[in-house]
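Dear colleague,

Please find below the structure that I am handing over to you. My notes on it follow directly after.

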Amino acid sequence: MEQRTEDRQQMVREYREMLEPLLRYLPWMEGNAGKAASRSYQGQGISRNSMTFPVYDANLLNFIREASNSALMERNYSYVYTRNRIRTHDDERRIIAGAELRDWDILRGILSRYVLGGRTKAGLWGEAMQENIFLLVLKQMRKVVEYWDRTKR
């Protein structure tokens with residue numbers, strides 16, 4: 001029994017270390033909740049027939065860079081979506097809200113879908129900001145870590 005408790009404490013410590021660098025973006029995400037974090041480039045010399053591309057907020061790009069390099073990224077995030085039958089933003093929000101320690105990999109998968117998927121699909125980062133997915137995942141991860149940190153004492 002004591003071995004399981006020590007293993008869980010070690011796991012929670014590791015999760016906290018993974019999460020802490022990203023938590024500094026929470027105030028910015030809360031302040032920009034539901035807003036688009038990008039705009040279309042409308043620079044000089046762009047004609048009507050040219051393809052536009054998104055220009056992202058610097059804070060979002062810093063968050064993406066840091067998250068991409070963290071141990072929270074799950075390269076096989078698509079399996080998380082199929083295994084848990086996640087199809088819509090409402091499904092994501094429902095699963096995030098009910099996530100516990102045992103669901104840590106699901107939270108990682110949802111976060112990874114937007115962080116890693118946004119590298120090839122330009123709209124995903126902005127979509128995650130507008131739908132508050134980044135904010136909800138980080139808050140739930142923090143809530144889980146804080147709960148298990150508190151219960152070990």
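The protein has eight helices and two strands. Read from the N terminus, these elements follow the order α-α-β-β-α-α-α-α-α-α. Please bear in mind throughout that this is a predicted model.

Of the 153 residues, 39% count as buried. The accessible surface of the protein amounts to about 9,400 Å², and carbon and sulfur atoms contribute 46% of that area. Among contacts with a separation of 6 or more, 73% are between residues 24 or more positions apart.

Ile 110 has a relative accessibility of 0%; because buried means under 20%, the residue counts as buried. Apart from neighbours within four places in sequence, Ile 110 is in contact with Tyr 81, Ile 86, Glu 92, Ile 95, Ile 96, Ile 133 and Val 137. The C-alpha atom of Ile 110 is also 7.7 Å from that of Val 80, a residue 30 positions away along the chain.

I turn next to the aromatic residues. The count of aromatic pairs in the model comes to six. In one of them, the ring centres of Tyr 25 and Phe 63 lie 5.6 Å apart with the planes at 70°, so this pair is edge-to-face. Tyr 25 is in the loop between α1 (2-23) and α2 (26-31), whereas Phe 63 belongs to helix α3 (residues 58-68), and the pair thus links parts of the chain 38 residues apart. Both partners are buried: Tyr 25 has a relative accessible area of 5%, and Phe 63 has a relative accessibility of 0%.

A further edge-to-face pair is formed by Tyr 56 and Trp 125, with 5.1 Å from centre to centre and 65° between the planes. Since Tyr 56 lies in strand β2 (residues 54-56) and Trp 125 in helix α7 (residues 124-130), this pair ties together parts that are 69 residues apart in sequence. Tyr 56 and Trp 125 are both buried.

Tyr 25 and Phe 63 also belong to one aromatic cluster together with Tyr 114 and Phe 134. Which residue places its charged end over the ring of Tyr 114? That residue is Arg 113, whose charged end sits 4.8 Å from the centre of the Tyr 114 ring. Arg 113 also lies over the face of Tyr 81, at 5.3 Å from the ring centre. Tyr 81, in turn, is one of the residues in contact with Ile 110.

With kind regards

Notes
Residues numbered from 1 in each chain as written. Predicted model: local features only at pLDDT ≥ 70, side-chain atom pairs only at ≥ 80, totals over all residues. Heavy atoms only, no water. Helix = DSSP H or I, 4+ residues; strand = E, 2+ residues; numbered from the N terminus. Buried < 20%, exposed > 50% of the residue type's maximum accessible area, 1.4 Å probe, protein only. Contact = heavy atoms within 4.5 Å. Areas by Shrake-Rupley, 256 points an atom, 1.4 Å probe, with all protein chains shown as cover. Phe/Tyr/Trp six-rings, centres within 6.5 Å; stacked < 30°, edge-to-face > 60°. Lys NZ or Arg CZ within 6 Å of the ring centre and 35° of its normal.
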